[in-house]
Amino acid sequence: MDAVKTALLVISSTATITNAVSLYFLYRKHKTNYVILCINLSFSDLLRSIAGYIPALFLETNLSRASTLCKLSAFFIAFSSFTTIAMLTAIALSRMVLLSTCFLRSQINYKTLFIKTGFFAWIYGFTWAVMPFFGFSSYTLENTCTRCSIDFFPKTKVEKVYLILLIAFGFLMPIITILTSCLYTANVMRSQYNYFYTIYGKNNAETKKYKVKEKKAFSSFILMVLSFVVCWTPYATVGCFSAFTSLEIPKWLLHFAPFFGKCSALVNPIIYCWKDSLLSQYFKSKRSQIIRLLFRQCEENLITCQIEKI
């Protein structure tokens with residue numbers, strides 16, 4: 001097994017395990033608005049690992065043509081990738097919606113809203129992924145001859161328009177939305193901190209709490225933006241090279257773009273599920289239940305011993 005297949009095996013197996021674990025514990029949690037979107041995100045990345053990456057392991061190293069398995073693997077990777085990007089955008093928008101409509105919670109059914117949002121993200125990803133089958137582009141063998149993907153070398157105006165729209169709606173708009181959401185949320189948290197700082201002083205418990213929240217949110221925002229930029233900028237760069245220039249795309253970029261795109265399936269559960277304490281809260285609640293159960297058992301055993309002595 002060559003280095004490319006070895007890296008793909010490590011990424012696919014690790015991504016499958018982390019997303020499966022995340023999906024299991026998220027599904028057992030109380031289905032809040034944020035958790036609903038994170039469940040969809042984990043399931044999308046899990047689908048990408050199982051239906052996209054694992055079949056690619058069985059492809060030959062030097063392909064001569066795009067086989068059916070190669071095209072199906074590329075389709076499921078594209079479908080789940082577009083869905084993941086849409087879900088990341090939805091998570092960013094959800095923060096803004098929850099903060100800007102906090103006084104309308106009694107009038108808005110947020111759970112239904114976010115369920116519909118997750119469903120729309122799947123439709124959105126499927127639409128972009130299925131369009132190459134209808135002549136807007138095609139799933140073809142890459143120049144590396146090791147995998148298939150959407151054709152980044154458009155030959156017709158329709159294919160070029162599809163590629164430009166893909167860059168706009170699959171990269172530029174999501175990164176602008178995520179960045180705007182992070183800045184908006186940071187501004188709201190800074191305003192809350194300044195309010196408590198002005199009214200109650202620096203040493204007040206609420207002031208300190210919001211200061212801690214602000215620092216935690218800032219680190220999360222940095223990770224959210226950087227992870228998206230690092231994972232998807234190489235693909236966007238390849239698309240820009242093909243759509244707007246006649247320059248030859250460096251072969252190393254064609255190798256690194258899929259690698260960084262695949263890594264998104266690894267970092268998403270860490271940033272959006274583990275980093276935001278969704279799973280740690282579950283573990284803490286289970287730990288407290290176990291402690292209470294053990295304490296109750298000890299009390300019952302003590303009472304039983306006392307009765308026996310009597």
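I first listed the buried residues of helix 1, which are Lys 5, Leu 8, Ile 11, Ser 12, Ala 15, Thr 16, Asn 19, Ser 22, Leu 23, Phe 25 and Leu 26. I took buried as under 20% relative accessible area, exposed as over 50% and partly exposed as in between, with a 1.4 Å probe and protein chains only. Helices are DSSP runs of H or I with at least four residues, numbered from the N terminus.

I note that this is a predicted model, in which local features need pLDDT of at least 70 and side-chain atom pairs count only at pLDDT 80 or more, while totals for chains, interfaces and linings use all residues. Residues are numbered from 1 along each chain as its sequence is written, and side-chain values use heavy atoms, with hydrogens and water left out.

**Entry: span of helix 1**

I looked up the extent of helix 1, which covers residues 3–28 and has 26 residues. From its first C-alpha to its last it reaches 38 Å, close to the 38 Å expected at 1.5 Å a residue. The expected span is 1.5 Å times one less than the number of residues.

**Entry: Val 4**

I then turned to Val 4, which lies in helix 1. Val 4 counts as partly exposed because its relative accessibility is 41%. I read a C-alpha separation of 9.0 Å between Val 4 and Thr 146, which are 142 residues apart along the chain.

**Entry: Ile 178**

I located Ile 178 in helix 5 (residues 157–200). Its relative accessible area is 0%, so Ile 178 is buried. Setting aside neighbours within four places in sequence, I found Ile 178 in contact with Leu 88, Ala 92, Met 224, Val 225 and Phe 228; contact means heavy atoms within 4.5 Å. Between Ile 178 and Arg 95, 83 residues apart in sequence, the C-alpha to C-alpha distance is 9.9 Å.

**Entry: salt bridges**

The criterion is a side-chain nitrogen of Lys or Arg within 4 Å of a carboxyl oxygen of Asp or Glu.

Arg 48 is buried at a relative accessible area of 0%, and Asp 45 counts as buried at 0% relative accessibility.

Lys 155 forms a salt bridge with Asp 151, with 2.9 Å between the closest N and O atoms. Lys 155 counts as exposed at 66% relative accessibility, whereas Asp 151 counts as buried at 7%.

Technical notes: Helix = DSSP H or I, 4+ residues; strand = E, 2+ residues; numbered from the N terminus.
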